[in-house]
Amino acid sequence: MTAIKIFPSELNGNVYTPPSKSYTHRSIILSSLTSGRSIVKNALISRDTLASIKACSAFGAFIDHKNNDLKIKGNPDLTTPENVINVENSGTTMRFITSIASLAPEGYSIITGDGSIRSRPMQPLLSALWSLGVDCFSSRKNGLPPIIVKGGGIQGGETTIKGDISSQFISSLLVATPKAKSPTSIIVRGKTVSRPYIDATLTMMKLFGVDISYEDYRKYTIPSNQEYHCVGFKVPGDFSSASLLMACALLAGKKVTIKNLNFNLPQADMRIVDILEKMGADYSIDRSKGTITLSKGYNLKGGEFDLSDSPDLLPVLSVVALKCREKTFIKGVEHARFKETDRISILANELRKFGVDIQELRDGMLIQGSEELKSCSLDAHDDHRLFMAFCAASMASSGPCTVEGVESVDVSYPDFIRDMKSLGAKIEGV
């Protein structure tokens with residue numbers, strides 16, 4: 001991995017939020033299931049979304065991208081991939097494509113990824129698909145990728161799925177089962193985490209013209225033999241990336257305005273606005289213009305925060321908590337241990353290097369903020385969100401810090417370093 005050196009900085013100016021990774025994935029995958037040509041504007045072109053483009057192309061969709069606009073000619077009948085599908089680091093692609101692969105008419109699809117992907121759980125999804133008549137299994141028989149899926153379609157019927165590990169399992173079943181041979185019922189066991197991501201899936205499925213009914217995230221009923229219809233869609237700005245920009249502004253901002261935000265479409269990390277309010281942050285929002293303006297928080301309060309529906313805010317809130325004058329109790333994010341990394345463990349171990357008292361909990365952390373953050377060296381463990389969060393904290397430290405893992409940012413925010421420098425961040429080594 002490649003390290004960069006970050007010096008104490010003061011950020012000032014305007015920055016555009018990159019397009020939403022979640023909505024880009026969904027628009028690519030659903031467009032690929034239509035029989036027509038869809039236009040997706042302002043798409044995020046990153047390592048993760050390119051993985052979805054390559055995977056859908058392997059099933060016969062034709063996808064042309066110019067800058068941030070995509071022209072997608074779908075292939076609703078799918079073709080069996082000629083080669084192994086490598087999703088690299090994209091968990092969304094891995095989970096969604098596993099169900100989609102069962103819709104291929106014949107043959108087998110083999111889906112794998114990098115070392116992080118090959119350690120992420122898939123068995124709940126595989127078991128749910130088995131119940132719907134899909135022959136699929138882990139090649140190592142341990143519930144982890146590589147995954148092998150036999151084509152031939154989804155029979156339909158009733159299946160159950162755990163809701164407390166990843167909402168991507170539920171979203172994966174939802175997008176594939178409208179094309180099942182008979183109606184499907186999905187029953188969710190346990191607490192459903194990350195519910196706004198399911199809302200995003202349901203919103204996009206409705207936009208693409210399929211019917212579905214559901215009851216309080218516990219049961220979904222999907223009519224069979226439906227067809228997706230091509231659409232035109234503009235991807236909104238990404239609140240996950242915007243929340244990291246907000247952390248940078250709260251920790252090192254003179255005055256930063258973040259643009260390209262859409263407050264109308266469901267996004268899990270829009271929750272950051274409620275958190276800013278509870279912490280007493282200095283900010284203002286213009287919903288009509290899609291902007292939020294923030295300044296450095298000199299008197300940020302801590303508090304108790306349940307992030308079960310927005311686990312990607314864990315790195316954001318963790319670094320902001322370093323400068324809070326009260327304790328910050330983060331809970332409800334045990335599922336963050338199954339992201340690109342065990343984010344709870346790595347955040348606790350790395351952020352202690354700033355000289356801050358942090359207690360690691362089963363499902364979160366307890367952080368006592370400090371007026372001064374020590375200069376230190378941090379390792380993001382090839383996790384893009386941890387890398388960007390560590391950069392934010394480093395800009396608020398008392399001296400230069402080194403952060404390992406700059407190459408990981410192309411997963412979700414390829415222009416992160418450029419944007420930070422444009423705001424005045426002092427960064428060397430890239």
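Student: How much space lies in the second largest cavity?
Tutor: About 80 Å³. Bear in mind that this is a predicted model.

Student: Which residues lie nearest its centre?
Tutor: Ser22, Tyr197, Ser240, Gln267 and Ala268. The lining of the second largest cavity has 13 residues.

Student: Which elements give two or more residues to that lining?
Tutor: Helix 1, helix 6 (195-207) and helix 7 (239-252). Helix 6 provides the largest share, with 3 residues.

Student: How does the lining divide into nonpolar, polar and charged?
Tutor: For the second largest cavity, 7 are nonpolar, 4 polar and 2 charged.

Student: OK, now the largest cavity. What is its volume?
Tutor: About 350 Å³. The structure holds 4 cavities of 30 Å³ or more.

Student: What lines the largest one?
Tutor: The lining has 28 residues, and nearest the centre are Thr92, Arg120, Gln168, Asp312 and Lys339. By type, 4 of the lining residues are nonpolar, 13 polar and 11 charged.

Student: Switching to Ser20. Where is it found?
Tutor: In the loop between strand 2 (11-16) and helix 1 (21-31).

Student: Buried or exposed?
Tutor: Ser20 is buried, because its relative accessible area is 1%, under the 20% cut-off.

Student: What does the side chain of Ser20 reach?
Tutor: The backbone nitrogen of Tyr23, at 3.0 Å. A polar atom of that side chain also lies 3.3 Å from the backbone nitrogen of Ser22.

Student: And which residues does Ser20 touch, beyond four places away in sequence?
Tutor: Leu44, Val235, Pro236, Gly237, Asp238 and Gln267. Gln267 is also one of the residues nearest the centre of the second largest cavity.

Methods:
Residues are numbered from 1 along each chain as its sequence is written. This is a predicted model: local features need pLDDT of at least 70, side-chain atom pairs count only at pLDDT 80 or more; totals for chains, interfaces and linings use all residues. Side-chain values use heavy atoms; hydrogens and water are left out. Helices (H or I, at least four residues) and strands (E, at least two) are DSSP runs, numbered from the N terminus. Buried means under 20% relative accessible area, exposed over 50%, partly exposed in between (1.4 Å probe, protein chains only). A polar contact is a pair of N or O atoms within 3.5 Å; within protein, one must be able to donate a hydrogen and the other to accept it, and residues adjacent in sequence count only if both atoms are side-chain atoms. Contact means heavy atoms within 4.5 Å. On a 1 Å grid over the protein atoms alone, a cavity is a set of points where a 1.4 Å probe fits but cannot get out, and a pocket is an open set with protein on both sides within 12 Å along at least five of seven lines; lining residues have an atom within 4 Å of a point. Grid points are joined across faces, edges and corners, and a volume is the space filled by probe spheres set on the points. Ala, Val, Leu, Ile, Met, Phe, Trp, Tyr, Cys and Pro count as nonpolar, Asp, Glu, Lys and Arg as charged, and the others, Gly among them, as polar.
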